[in-house]
Amino acid sequence: MGTNLRQALYVVVAFGSLIWAWTHGFAWIAGGGNILNLPSFFIDAHQSGSAAAFLTVDILTAWGVFIAWVITDARRIGLGTGWGVGFALLSGLGTCFAFPLYLVKRERFLDAKSQPG
């Protein structure tokens, strides 16, 4: 798959997953949930059954790893810690949103960096 097509796919996945995830987030809020109380959100999800508990643990772990990785990776490749922190903060809307967008930014940055001139 070509770079531009892959990046376009990442962007579609990012925005599609943001919309899909937040339709459920807004439903949870409408039912009395407080999105500013993240422990409550994850406790509610974890207590909703074994499948939800599995996914809660999985996503919390992936989210934590993403935050640690994106900050250090952005600094390591020369993009800058600020970009990493920005994408870590963006992951508050959803790792499913921030991660593919970071991959697009990362690929474009590395491609530009490798161009002579």
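Is proline 100 buried or exposed, and at what relative accessibility? Proline 100 counts as buried because its relative accessibility is 8%, where buried means under 20% relative accessible area, exposed over 50% and partly exposed in between, with a 1.4 Å probe and protein chains only. The model is predicted, so that local features need pLDDT of at least 70 and side-chain atom pairs count only at pLDDT 80 or more, whereas totals for chains, interfaces and linings use all residues. Residues are numbered from 1 along each chain as its sequence is written, and side-chain values use heavy atoms, with hydrogens and water left out.

Proline 100 lies in helix 5; helices are DSSP runs of H or I with at least four residues, numbered from the N terminus. Apart from residues up to four places away in sequence, proline 100 touches Tyr10, Val13, Ala14 and Thr95, contact being heavy atoms within 4.5 Å. The C-alpha atom of proline 100 is 14 Å from that of isoleucine 19, at a separation of 81 residues along the chain.

Helix 1 packs on helix 5 at an angle of about 160°, and the axes are 7 Å apart. This angle makes helix 1 roughly antiparallel to helix 5. Axes are lines fitted to C-alpha atoms, for helices over the stretch in contact, and angles run from 0 to 180 degrees between N-to-C directions; those under 35 degrees count as roughly parallel, over 145 as roughly antiparallel, 65 to 115 as roughly perpendicular and the rest as oblique. Residues making the contact include Tyr10, Val13 and Ala14 of helix 1 and Phe97, Pro100 and Leu101 of helix 5. By class, 13 residues of this contact are nonpolar, three polar and four charged, with Ala, Val, Leu, Ile, Met, Phe, Trp, Tyr, Cys and Pro counted as nonpolar, Asp, Glu, Lys and Arg as charged, and the others, Gly among them, as polar.

Helix 3 and helix 5 pack at about 15°, with axes 12 Å apart. Helix 3 is therefore roughly parallel to helix 5. Among the residues that meet here are Phe66 and Val70 in helix 3 and Tyr102 in helix 5. The contact of helix 3 with helix 5 has twelve nonpolar, one polar and four charged residues.

The largest nonpolar core has 14 residues, of which Phe66, Val70, Leu79, Phe87, Phe97, Leu101 and Tyr102 touch the most other members. Such a core is a set of buried Ala, Val, Leu, Ile, Met, Phe, Trp, Tyr and Cys residues joined through side-chain atoms within 4.5 Å. Helix 1 (3-30), helix 3 (50-77), helix 4 (81-90) and helix 5 (95-114) each supply at least two residues of this core. Beyond its neighbours within four places in sequence, valine 70 contacts Gly84, Phe87, Ala88 and Tyr102.
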